[in-house]
Amino acid sequence: MVTIQNYVRVKNLEEAYTLNQKKGSMILGGMLWTKMQDRTIQTAIDLCELGLDRIDENADAFFIGAMVSLREIELHEGLYAYTQGAVRDALKDIVGVQFRNLATVGGSIWGRFGFSDVLTMFLAMDTYVELFQGGIIPLQEFAEKKPDRDVLVRLIVKKTPGVYAYASVRNQRTDFPVLACAAANVSGTYRISVGARPGKAICITDEEGFLTDGITEERAKQFAKWVETKIPTAGNHRGSAAYRTRLTGALCYRLTKKIGEEQA
Amino acid sequence: MDIKIKVNGTLICESVSPDLLLLDFLRKHGCYSVKRGCETANCGLCTVLLDGTPVLSCSVLCARADGHEVYTLEGLQEEASGFVGFIADQGADQCGFCNPGFVMNTIALLRENPDPSDDEIRAYLAGNLCRCSGYEGQLRGIRNYLDYINRKKQGKE
Amino acid sequence: MEHKNYNAIHKSVRKKDSMQLLLGKPVYTDDITGPALVVKLLRSPHANAIVEEIHTEIAKKIPGVVDIYTWEDVPKTRFAIAGQTYPEPSPYDRLIIDRHVRFVGDVVAIIAAEDEKAACKAMKLVKVKYNVLEPVLDFHKAKDNPVLVHPEDDWYPPVDVGGDAKRNVIAHELSGDGDVDAVISDCEVSFSHAYHMRAFNQAMMETFRTYTCLDRYGRLHVISSTQIVFHVRRILSRALGIPKSKIRVEKPRIGGGFGAKQTAVSEVYPAFVTMQTGRPAKLIFTRYESQIAGSPRHEMEVTVRLGADRDGHIRGLDLYTLSNTGAYGEHGPTTVGLSGHKSIPLYTGGLEAFRFGYDVVYTNTMAAGAYRGYGATQGIFALESSVNELAESLGIDPTQIREKNMLREGMKMPAYYGEIANACALDRCMARCRELFGWEEKYPVREMGDGKVRTAGVAMAMQGSCISNVDVGSATVKLADDGTFNLIIGAADMGTGCDTILAQMVAECMDCSVDDVAVFGADTDASPYDSGSYASSTTYVTGKAVELACEELKKKLCAIAAGMLGCEPEETVFEDGCVRKINTDERVTLAQISVKDQVANDIAAVATASHSSPVSPPPYMVGMVEIELDRYTGEVKILDYVAVVDCGIAINPALARIQAEGGIVQGIGHTLFENITYDENGKPVESNFMQYKIPTRLDMGHLRVEFENSYEPTGPFGAKSIGEIVINTPAPAIAHAIYRATGVWHRELPITPEKILMSMPEDDFR
């Protein structure tokens, strides 16, 4: 059972940042993981009054506030259209509607959880994280960083022309994924992001150029085989490393073909 | 800390611990329909409407609900009565322990999408576990209700 | 089978409590009980250890902590918490708190506090020094292991079931008919395989919970979520060392049981606190506690040796079951029996000989108990899979091989205590299921493209309708003040709707509407003795008691009416809800009788009947499943599940159908993803709903259920049971379909996507 000594609804990001510098402080996301922890939080910092629960959009990018719920992202028409439905595919199996109404994108990304469908999906896109102190950095760079005491303000997804596809394998439909996979062709570069390895998602590009001349059945297979060798996996009780490696190839193959069909 | 939450239309002002969960607050205030079925936000039994949105009250701090409006099944008896009889006709209420959360989320579904397909119903209610019914009877009940409403709209009932 | 036209039974009436439940009214243990001491249990982190030292002084100083109890504070009489008729087949192997803790989760201390926070804080401050011992975790290695789970000398089996705690064995038996070795060696085909089913958790939505207080007479009043009020009273009496007459146990509405609450899992702890403090106490298990210290299915490995001829004639069956009862013996000696007794009889058709042997062993894992299916589920997974393996190896359609060998009405069942199958529509279930499912179209393996393949599997099942010669069902029916009726029972409606179906029977007998029957139960102070709701017995046994009580009541109503009509009771007849004087039109209504009942009357308008059955007629079922298997990932999607059930006659078809659907979905969960595993130290892995995944409505495809009626002469209105059989077909049927799709038989559950994919050649997707 989590114990909270103080709860503060901050008035601005500066206040959030200042409060968060103390050990024992914590910025609240959806509370879904936090409430299960057996720990004491001196100061729980709530960003709920900072207007970060909005998705804004201009010609170049989507701006997704840290407090936007996963459900709002799932239902967002613009993101749906931009990703050909891949974002919705990535989020729809996360526990349930009520859960996704609470879970925040800020909490999901900040946690850099290994099982995260959210991180897996956004890594495949041209995504940046806006930090209060750290400024705007690529999501890839953020994902590799150790958690510090900065404040995650929003995600910025550039509307770089792209084609996307998402798939996961789950032992039970609303369980954590055994493996999650997002494939993309972002302005000519093919990317594969693999999460729930079970480690944190990683994203690689088609640096060998398997797909440079377009996607065929055979090239998709070769690309998938190559990705299989590039993505490290490990075992936990949801699946062994060997199984995850086979899934990596299988999902990569299937998603690459899907992207090929989408492009054709 | 002092909070103000409107529960089923009545404003409650109270001093609470910052870690009090909405679920426990609601039960303390007589909303016994709100059930706890797990500690891991997996079962959906504690579903309530927070400003009209279905959420897991086991994962909402009272502190965060401060200034907001909450509805539990106690406050939505009439809206629920419209369709729960169709579930009862299927015998799908069974042990009943998951019913309040299921009914609350069905209310949210029907407000958002008054004429959902079977697949839309399954997807929206996926976070509401039930160990007794096998779900098919719940689906039949909702389907029969929707058919009844649609017939009524067409002036056939 | 023809059934007459009924007034109240064989009708899908709503459950009597349905609107209360659907509108979220406070009807469960925690909703209806007032303020009480919060009881928390400190549990062992070790699978096998002795408590060397335990210090509670510091913890007791936490404000709000009322008291903390350890092994030194509890009575020294061993008892069993299995809800079974006395003398229990389960050994007396428990203390309220034992110094020797035998699984991760065993109780080390009981904490009573004014509130939850104080109790949790105190829990962290109890200091325990353990002498950690090596555990026995693998049930294959338990028998004659030098590590003994129960080395104590006061281990006591009230009934000799072949157990020997000094060998880690709690039960052993060998039975049979004919010379099975000779028959099988004479067969054209024979093989032997072992099938392994895990200790699945019931995962009912309401966890274990109990409230206790002293009533206005100073007696212990227990309000508990239980299927077995009378057994709980007896168990508490022995455990606490107080007379049964000083204990009252009642159950309110129950949030699901499935057998879990046929064991007194939570009752003794708050009861002990109330007896010590004199104060109300309440224990609510967390989901974590329900998962790690509940009363789940017995893990079993069933080895089937099958002998047949090439034409598919099954001639010999030899089953051996190894059952894991965990750290304590609840239901251990009895569940195992069903793995053979409720599987082998399905093939009575041409069977020449059978043998069935078993051992039930202790290990340092969570104690098992009763779970819907009660051993039959494990046996049927094994035997039905074997028959499917036989059919596939001989190239015979598996539905046809069953038609050749199955039990049929009128046959004597040597493997089922020599009982006669009075009512058996198994053949019609198979025929109807084939037709409804579209077996001819769905059985072939169909490539769907993109690595996906569709195909089907089949299984049959049986169960019992009570524990013959043991279970007692009772009912009291009385005329109320206004000509309606009260039905008072000791059976426990745990959501299944037995309150309603028993009321339907009263309405049928007394020619009234179901609404005119008020039901009360279960309460040891008020209800007539009933063994409780388990073993599929309530409809069949308690239902018969209702019928008998109504007959008795009619006689009394006729006697009262005779006085009003000025004739002898023999000159009256009960008809259409009235009593009429024979050969006249003179009649009195129930309302008039109820008025007379209250004025100058010396005949009580109430009747109680008890019933027990010398036989336990099996219900039968056929299940067929269509799956889509993904050869790239190993995922299995259930598309369509069709079941046809013979439960005699469904007293309430809607409720019977829901029983079937609910049981099938539980079975799907067990087959595909529910799992119970332990780490190398005996720590449970699937200890919450984040790890123990039960099916959602996205995991079960489409279900279709129909009934084929039969008429069981010993049951009420021809009825048999429905509650348990329904969980038995998914595992063998789905395993069969997976074989069809992959060419690999999976003999261990759950059959996860990983097991499926890794059993197939490396480069399938390429």
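What radius of gyration would a compact globule with 157 residues have, and what does chain B have? The globule would come out near 15 Å, and chain B has 16 Å, which agrees. Keep in mind that this is a predicted model.

Let me stay with chain B for a moment. Its secondary structure comes to 6 helices and 5 strands. Going along the sequence, the order is β-β-α-β-β-α-β-α-α-α-α. The C-alpha trace spans about 55 × 35 × 25 Å along its principal axes. Of the 157 residues of chain B, 60% count as buried. If you take the contacts in chain B with a separation of 6 or more, 59% of them join residues 24 or more positions apart.

Now the partners of chain B, starting with chain A. Here 25 residues of chain B are in contact with 24 residues of chain A. On the chain B side, two or more residues come from each of strand 4 (53-56), helix 2 (62-65) and helix 5 (118-124). Strand 4 of chain B gives the largest share, 4 residues. Sorted by class, that side of chain B has 13 nonpolar, 9 polar and 3 charged residues.

Next, chain C. This contact takes 40 residues from chain B and 41 residues from chain C. The elements of chain B that supply at least two residues each are helix 3 (77-90), helix 4 (99-112) and helix 6 (136-153). Helix 3 of chain B provides the largest share, with 7 residues. By class, the side of chain B that touches chain C has 20 nonpolar, 13 polar and 7 charged residues.

On to chain C itself. The chain is divided into domain 1 (18-26 + 467-611), domain 2 (33-133 + 205-256 + 260-292) and domain 3 (299-465 + 616-758). The C-alpha centres of domain 1 and domain 2 of chain C lie 37 Å apart. Between these two, 15 residues of domain 1 are in contact with 17 residues of domain 2. The domain 1 side of that contact has 6 nonpolar, 6 polar and 3 charged residues.

There is also a database entry to mention. For residues 23-134 of chain C, UniProt lists "domain: Aldehyde oxidase/xanthine dehydrogenase a/b hammerhead", in an unreviewed entry. Over that stretch of chain C the chain is 16% helix and 30% strand, and the end C-alpha atoms are 51 Å apart.

The largest nonpolar core has 401 residues. Those with the most contacts inside the core include Cys181(A), Ile111(C), Leu487(C) and Met621(C). Helix 15 (residues 538-565) of chain C gives the most to this core, 13 residues. As for Met621(C), if we leave aside neighbours within four places in sequence, its contacts include Cys429(C), Met460(C), Ala643(C), Asp646(C) and Ile725(C).

Is Asn324(C) buried or exposed? Asn324(C) counts as buried because it has 26 C-beta neighbours inside 10 Å, and the cut-off for buried is 20 or more. Not counting residues up to four places away in sequence, Asn324(C) touches several others, among them Phe139(C), Ala199(C), His298(C), Glu299(C) and Thr363(C). Met366(C) is 42 residues from Asn324(C) along the chain, and their C-alpha atoms are separated by 9.8 Å.

Conventions: Residues numbered from 1 in each chain as written. Chains lettered and ligands numbered in written order. Predicted model: local features only at pLDDT ≥ 70, side-chain atom pairs only at ≥ 80, totals over all residues. UniProt positions renumbered as here; feature names shortened; annotations may be inferred. Contact = placed C-beta atoms within 7 Å. Nonpolar A, V, L, I, M, F, W, Y, C, P; charged D, E, K, R; others polar. Domains from an automatic or database assignment. Core = buried A, V, L, I, M, F, W, Y, C linked by C-beta atoms within 7 Å. Buried ≥ 20, exposed ≤ 12 C-beta atoms within 10 Å, placed from the backbone. Rg over C-alpha atoms; globule rule 2.2 N^0.38 Å.
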